[in-house]
Amino acid sequence: MPLAITPVLVGTSLAWHETGGFQPGPLLAALLAAALIQAGTNLHNDAGDFARGADTPDRLGPRRATAEGWLTLRQVTTGAYLCFGIALLVGIYLARVGGWPIVALGIASLAAGLAYTGGIRPIAYSALGELFVFLFFGLAAVGGSYYLQTGRVSAASLLAGAALGLLAAAVLVVNNYRDFDTDRRAGKRTLAVVVGREGAQRLYVWMLALPFPAALAVTDTPWVWAVGLTAPSAFNLVRCFQRESPGPVFNGILAATARLQLHFGLLFSLGLLLPRW
């Protein structure tokens with residue numbers, strides 16, 4: 001969930017940094033919509049993988065509701081569409097604030113959530129997963145939140161979005177690296193399967209390294225250097241990723257990578273807010 005919420009905070013903080021103010025209504029609505037789309041996508045992914053036979057007994061990832069029988073396929077699918085439906089209602093308010101650009105962004109976000117494991121060619125079963133995460137959890141989320149506050153999109157907002165998007169995509173790299181063997185057997189051509197284990201390791205390094213210079217290039221305020229406090233965690237994660245053998249241990253690396261994105265985003269937001277205080 002932090003992967004969806006943190007970019008909204010960064011985009012709003014950047015708007016505050018540049019204008020000295022923000023609108024609480026669009027911020028709260030954007031946070032709610034982002035959380036609902038994320039929840040809906042996760043539920044749809046849970047149901048979709050189960051229906052396609054990807055969740056086998058030798059799955060290494062966290063236990064899932066449909067595969068474990070905690071909920072039926074219909075219940076999980078209903079939950080997913082309920083989340084998307086409420087997000088659509090929240091989007092009506094956001095559309096009144098931001099106009100057609102926000103309408104287009106909202107429709108694209110909902111479509112991406114449905115297409116992640118749905119349709120004839122699901123995104124999750126291709127090498128495009130990381131790209132979509134980068135776009136929607138980075139550029140779109142930060143840029144859209146910034147747009148809701150300012151009515152425009154700037155190079156700085158896209159650069160900030162790239163920083164958050166890379167860290168979010170790194171979480172998916174860990175997930176797909178862990179599931180390399182089971183995904184290949186299930187016919188999932190994820191980016192990790194396409195580039196191989198060594199290629200995935202190199203991708204992970206770059207995805208954890210590049211957000212730091214990107215964040216520092218957003219503004220000249222020294223407060224954004226606070227993101228450097230997360231550098232030791234990033235370095236330790238890279239070492240663990242390269243040294244550990246694929247297996248359940250990567251569930252911990254996945255969670256730690258998500259925490260890195262959260263901490264990075266919160267410190268980034270704080271660094272953008274402090275000059276105005």
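Leaving aside its neighbours within four places in sequence, which residues is Leu208 in contact with?

Modeller: Happy to! First, this is a predicted model, where local features need pLDDT of at least 70 and side-chain atom pairs pLDDT 80 or more, while totals for chains, interfaces and linings use all residues. Residues are numbered from 1 along each chain as its sequence is written, and side-chain values use heavy atoms, without hydrogens and water.

Beyond those neighbours within four places, Leu208 is in contact (heavy atoms within 4.5 Å) with Leu167, Ala170, Ala234, Leu237, Val238, Thr257 and Leu260. Leu208 also belongs to the largest nonpolar core, which has 73 residues; such a core is a set of buried Ala, Val, Leu, Ile, Met, Phe, Trp, Tyr and Cys residues joined through side-chain atoms within 4.5 Å. Tyr204, Leu208, Phe241, Phe264 and Phe268 touch the most other members. The biggest contribution, 15 residues, comes from helix α7 (residues 155–178); helices here are DSSP runs of H or I, at least four residues, numbered from the N terminus.

Tyr204 and Phe241 are both buried, meaning under 20% relative accessible area with a 1.4 Å probe, protein chains only. Their ring centres lie 4.3 Å apart with planes at 15 degrees, so the pair is stacked (centres within 6.5 Å, planes under 30 degrees apart). This pair links distant parts of the chain, with Tyr204 in helix α9 (residues 191–209) and Phe241 in helix α11 (residues 231–243), 37 residues apart. Together with Tyr177 and Phe250, Tyr204 and Phe241 form one aromatic cluster.

Conventions: Buried < 20%, exposed > 50% of the residue type's maximum accessible area, 1.4 Å probe, protein only. Helix = DSSP H or I, 4+ residues; strand = E, 2+ residues; numbered from the N terminus. Phe/Tyr/Trp six-rings, centres within 6.5 Å; stacked < 30°, edge-to-face > 60°.
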